[in-house]
Amino acid sequence: MIQSVTTPAQRAEFLRRIAGKPYFEAVLGTHLALFGAHPASGWVFYLLPGMAVLELRGGSGVLCGALPGGEEGETAREELSGFLRFLHADTLRTEQPLALDGWRPAAPLTLWELPQGRALPQPPAPPAELVLDKAPSMLPVSRLVFAGSDAEADEFYSAACTALAHGVGQCRALLHGGRPVCTVGCYEQSENESYMAAGVTAPDWQGRGLARWLIVGLANELAARRTVRFACFPELCGFYSQLGFIQNGKMQYYTTDWTIE
């Protein structure tokens with residue numbers, strides 16, 4: 001049975017199931033801590049049969065842990081599929097391969113890391129007309145990260161500001177004339193991991209090495225205290241390999257279209 005996480009005991013069980021798991025402990029744990037007691041935030045959290053947990057926000061879901069095997073597992077997968085359909089979720093990231101009716105596997109995400117205490121070679125500095133801001137205004141940063149969607153930009157702005165206000169992570173931006181043209185941040189952390197995300201360069205500034213410099217700089221700062229991790233799609237693997245990050249596994253990625261019967 002799928003259980004909504006509402007009680008202290010359920011929160012403790014949710015955290016126990018994600019403990020020590022790269023990506024999931026930092027990301028899901030931060031979201032639960034910041035938004036678990038605030039249903040209006042749009043984040044919802046569930047305990048699933050077996051040892052699995054589920055996080056949902058809008059149409060996007062993240063599943064960590066394993067469902068039961070055998071007949072019990074078939075029942076659990078059927079319940080989960082119906083549950084996701086009812087909530088109109090159409091993307092799902094999972095720790096392990098998962099067969100659900102109506103869901104199609106896409107290219108898996110690659111997890112990368114910079115171990116705590118390690119540092120990467122710093123790429124060449126950006127042009128002199130750019131200014132590094134270590135605490136940029138998050139409104140223009142959100143518009144850079146999600147330039148094509150005001151709704152996604154607003155969601156990112158709200159979540160990032162909440163994380164930064166609670167001392168979770170940092171944001172970096174390179175400014176030109178006061179406007180951010182490249183950014184990267186960390187908005188989820190656990191005791192041992194900093195999760196780096198939202199690395200974006202404005203189209204008219206791409207190809208100048210700005211992201212390389214900014215990403216390596218923030219990763220080196222964060223790795224002084226915690227292992228740094230992040231996930232990317234296959235087309236970016238060569239970029240992060242060149243920077244010196246280490247592959248640390250895969251995360252499965254699934255999509256569906258509930259309008260197709």
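**A close look at one serine**

Author: Happy to! Ser142 lies in helix α4, which spans residues 138-145; helices here are DSSP runs of H or I with at least four residues, strands are runs of E with at least two, and both are numbered from the N terminus. Please keep in mind that this is a predicted model, in which local features need pLDDT of at least 70 and side-chain atom pairs count only at pLDDT 80 or more, while totals for chains, interfaces and linings use all residues. Residues are numbered from 1 along each chain as its sequence is written, and side-chain values use heavy atoms, with hydrogens and water left out.

With a relative accessibility of 0%, Ser142 counts as buried (buried is under 20% relative accessible area, exposed over 50%, partly exposed in between, with a 1.4 Å probe and protein chains only). Leaving aside residues up to four places away in sequence, Ser142 touches Ala153, Phe156 and Tyr157, where a contact means heavy atoms within 4.5 Å.

Tyr23 is not a glycine, yet it has a positive phi of about 75°. You will find Tyr23 in the loop between α1 (8-18) and α2 (24-35), and its relative accessibility of 2% makes it buried. Ala198, also not a glycine, has a positive phi of about 60°. Ala198 belongs to strand β10, residues 193-201, and is buried with a relative accessible area of 18%.

That strand brings us to the sheet. Twelve strands form an open sheet with mixed pairing, in the order β1-β2-β3-β4-β5-β12-β6-β11-β10-β9-β8-β7; two strands pair if DSSP finds at least two bridges between them. At the edges stand β1 (3-4) and β7 (131-133), each with a single partner strand, so one side of each has no neighbour in the sheet. Within the sheet, β5 (residues 91-94) and β12 (residues 246-255) pair in the antiparallel sense over four bridges, and Thr94 stands opposite Gln252 in β12.

Now for the whole chain. It has seven helices and twelve strands. Its radius of gyration is 19 Å, close to the 18 Å that the globule rule gives for 261 residues, so the chain is as compact as a globular protein of that length; the radius is taken over C-alpha atoms, and the rule is 2.2 Å times the number of residues to the power 0.38. Of the 261 residues, 48% count as buried. Among contacts between residues at least 6 apart in sequence, 68% join residues at least 24 apart.
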